[in-house]
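Trainee: Please walk me through a structure. I would like to learn how to read its strands, contacts and surface.

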Amino acid sequence: AAHPTLMNTIMLGGSPSLVSARSTDGGDTFTQFAAGLHVDTHVIAYAPSDPNILYFGSDGGIWRSSDQGQSWTSRNNSQYHATQFQSITLHPTDREFMLGGTQDNGTEYKLPDGSWVRTDGGDGGYALIDQNATDTTNVTQYHTYFNNTTQFRFARPFSAGAPGGGWAGFC
């Protein structure tokens, strides 16, 4: 994000090695200010009412800074939940039967009561429910995920009736 009035001031967000940083020399050098922020930046924006106020949005939610990004306060609370789906798949006959891979929040499964539960950890990815399934009990499902041990894997459950358990990993 470019500062609205100081043309050489730039805020940058990115990856684990550089979560958030500020440059005051047009990008030649950066000073990191990442305490408490979550990686995988999606947006950095200056408040139109005050260029000292910044907002930072990532996979982990929203943060606010009132000192040009030197310190951050989480805006996340019990009413706000940030989950970025990478993919979502629906059962062929029951459109409320869903499975979704999420960024940083694993693979989520929608329960019949409408709530979501994490069925597997890691960085979720592509999810798939066999579109030839004839019921909601015997369903072949797959999901991909990324982690530090194997980098990329896929898994499938032994039974659709056991969300949260029964995933078998394959390379």
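Mentor: We take strands, contacts and surface in turn. This is a predicted model, where local features need pLDDT of at least 70, side-chain atom pairs count only at pLDDT 80 or more, and totals for chains, interfaces and linings use all residues. Residues are numbered from 1 along each chain as its sequence is written, and side-chain values use heavy atoms, with hydrogens and water left out.

Trainee: How many bridges join β4 to β5?

Mentor: Strands are DSSP runs (E, at least two residues), numbered from the N terminus. Two strands pair if DSSP finds at least two bridges between them. Here 6 bridges join β4 (residues 41–47) to β5 (residues 50–58), and the two run antiparallel. They form a hairpin with 2 residues between them. Within the pair, I44 stands opposite F56 of β5.

Trainee: Which residues does F85 touch?

Mentor: Contact means heavy atoms within 4.5 Å. Leaving out residues up to four places away in sequence, F85 touches G100, G101, T102, E108 and W116. F85 sits in strand β8 (residues 84–90). T102 is 17 residues from F85 in sequence, yet their C-alpha atoms are 4.2 Å apart.

Trainee: Why does F85 count as partly exposed?

Mentor: Buried means under 20% relative accessible area, exposed over 50%, partly exposed in between (1.4 Å probe, protein chains only). F85 counts as partly exposed because its relative accessibility is 34%. I62, in strand β6 (residues 61–65), is also partly exposed, because its relative accessible area is 32%.

Note on methods:
Helices (H or I, at least four residues) and strands (E, at least two) are DSSP runs, numbered from the N terminus.
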